[in-house]
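Welcome! Please take a look at the protein below, and then we will walk through a few of its features together.

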Amino acid sequence: MSWLANLTETYNNNIQFVGKFETKKNGREYALIPVAHTTQTAHIEIHLDEKGNFLRAYVRDKVEGSTIIPCTEAAASRTSAPVPYPLFDKLLYVAGDYEKYCGEVKGTPHEDYLTQLRAWCESPYSHKKIESVYEYTRKGTLIEDLIDKGILHTDIHGKLMSKWDPTKGDESSEKPPIFSVLSSDQSSAFVRFAVNIPGDPEVRLWRDTEIQQLFVHFYESSLVDTDICYVTGETLPVADKHTSRIRHSGDKSKLISANDSTGFTYRGRFRTSREAAAVSYMASQKGHNALKWLIDRQGITIDGKVFVVWGNRRLDLPEPHQDTLELREAEDYADTTDEDEDFDLYAIGNSPSAVYSSTASRDTTSKAFVKEIKKAIDGFRYDGEHHANVTIMVLDSATPGRMSITYYRNLNHEYYLNRLEAWHTSCYWQHRYRKDKKNQWTTFTGAPATRDIAFAAYGPRASDKVVKGLMERILPCIVEEGRILPPDIVRSAVQRASCPAGMEPWEWEKTLSIACALVNKENEGEGFSVSLNTETTDRNYLFGRMLAIADVLERRALGRDEKRASNAVRYMNAFAQRPGRTWSIIQSNLQPYQARLGTDARYYNSLLDEVGAKLRLEDFTDKPLTGIYLLGFYSQRNDLYTSKKNKDASNLEDADLNENDNIQEEK
């Protein structure tokens, strides 16, 4: 139950946000829900005066309809049984004339609603606004009033329409708003109330914190069954039923459930579910409500799987799934490309992400890059905070009723940030496929996002099921020390990067740089970087360099106007499988372009001879290449497309950094 204890602590540490609405990027509102409350989407909003008289009503859409409602344990778990919410609910419960307009119902839902609401009104925790709602609903004219105001609509038999059906001869009439916000018929509409009292500025009962606290006290006073709480260790009123709607308002899956007393859930181990685990009502409410809030606030949801990360002292932390650009932007480290170009890579579509700019090709993978990552991470560190923790949780549901925690870690805050720093400075490469927060194409050096790793390994049309599976497999490699990347993911990315013919040029460029990052991480002990390594004699790296030189030579001969791929790129897959035989083909196809360049090809020819001379005779075989050849290919091509001016500037910057480090060491 440590996860529930962490969530309960998070709730208590953020008590100031309880009941206060915030807005998501999509315009939907969310809030940290008070204890004994839940959220629903209201379709109809009814305004009353202080004496319980109907004033007006409105139809609300999904964005406006987010509503915090009082809730009991039984109501939170209701399925087919008619169990009313205490204040706001569907027409079936709040409308006394429901049977008149919708037909016969089972049980006495409206009477049960009034009985529950009357008990609140007669308690010491009553309020005149609640009494106004009770006085109105007991009149039994709610649907009639809504029909009279044009909110609800009846058919020729005087019953509520199940769907919009304009009368003959009037087919052009506008569709009423209520049919646009409901997914089923009008009888399923959810109703909330507002009470207008002179001198009271807050008419919305669902946002009135005083009403919320009164219900918490009222409901808490009705709980008498106590036991030792496994979360707090105290003797408190126990929750027999736990909340659902964790991921969204329509989610019926639960994290804690033991309603199968006749099946095999705990038979043979315990006589009752209470013997397995007893959780107090307050701990259950606070923990689940905090989890809902965190998911709405900063969770990542893919195909029902939720990834959420938070700190007990500071909620906002760098996500393990984000790329280095997002991490740096959090501290205003945006590195955009320059408009001046040295050479564009055979005009890859019209995508600026594929342009090799002179600024982009600087070697920022050395000390400068590491310092930038450390500076971005340091912005999230604490001074003197030795007890700060970070919680990472992944939730998923295999069935509509049960949810599980598929991954859970509670880490020391410093350890977590150190692991992120290690990830971003080891699984890195130079990328040109992203836009920054100013919506400009940018080049950044660092780790790719896990979503983009899925893009590289399985293609842009990979299903959400595949993407979420990869993200969960990569997560331990980021936050746990000693975990290696899954070899099949790296292998798949390398294979796709070796097949440019099957992709659009921009897609291949993105796949190539991400595959290089994964290969670099897999071989982090070898010391490879984006800058060209001219000293290594690694067979794979050298073959990659030769392929890049052949590619650039042919591109120079073809010129900017020719869009087709070079022979080196077209034969890339075959080259990776049988480099010795394929290189002979590429070299013979290269001769016309060498002749076309004439003396301008002298530099490339001498460079080919230089790299080829590093290959030992026994290495020039058809043994398949490893992913390291992609590093050699990328670095050599990047070096050839980088102007001498920017190489000198980069070397000067590295020299300054080394000098600064020496000064610091002397101090």
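Is Ile143 buried or exposed? Ile143 counts as buried because its relative accessibility is 0%, where buried means under 20% relative accessible area, exposed over 50%, and partly exposed in between (1.4 Å probe, protein chains only). You can find Ile143 in helix α7, residues 142-148. Leaving aside neighbours within four places in sequence, Ile143 is in contact with Leu91, Ala95, Asp97, Tyr98, Tyr101, Cys102, Leu152 and Leu160, a contact being heavy atoms within 4.5 Å. Tyr101 is 42 residues away from Ile143 along the chain, yet their C-alpha atoms are separated by 7.7 Å.

A word on the source: this is a predicted model, in which local features need pLDDT of at least 70 and side-chain atom pairs count only at pLDDT 80 or more, while totals for chains, interfaces and linings use all residues. Residues are numbered from 1 along each chain as its sequence is written, and side-chain values use heavy atoms, leaving out hydrogens and water.

Now for the whole protein. It has 25 helices and 18 strands; these are DSSP runs, with helices (H or I) of at least four residues and strands (E) of at least two, numbered from the N terminus. Of its 667 residues, 53% are buried. Among contacts with a separation of 6 or more, 71% join residues 24 or more positions apart.

Next, two pairs of helices. Two packed helices are described by the angle between their axes and the distance between the axes. Axes are lines fitted to C-alpha atoms, for helices over the stretch in contact, and angles run from 0 to 180 degrees between N-to-C directions.

| Helices | Axes come within | Crossing angle |
|---|---|---|
| α15 (residues 450-458) and α16 (residues 464-479) | 9 Å | roughly 120° |
| α17 (residues 487-497) and α18 (residues 505-522) | 8 Å | roughly 140° |

The angle in the α15 and α16 row makes α15 oblique to α16; angles under 35 degrees count as roughly parallel, over 145 as roughly antiparallel, 65 to 115 as roughly perpendicular and the rest as oblique. Residues of α15 that meet α16 include Ile453 and Ala454, and their partners in α16 include Leu470 and Ile474. By class, this contact of α15 with α16 has 10 nonpolar, one polar and two charged residues. Here Ala, Val, Leu, Ile, Met, Phe, Trp, Tyr, Cys and Pro count as nonpolar, Asp, Glu, Lys and Arg as charged, and the others, Gly among them, as polar.

In the other pair, Val490 and Arg496 are among the α17 residues meeting α18, where Trp508 and Glu522 are among those taking part. The contact of α17 with α18 divides into 10 nonpolar, one polar and three charged residues.
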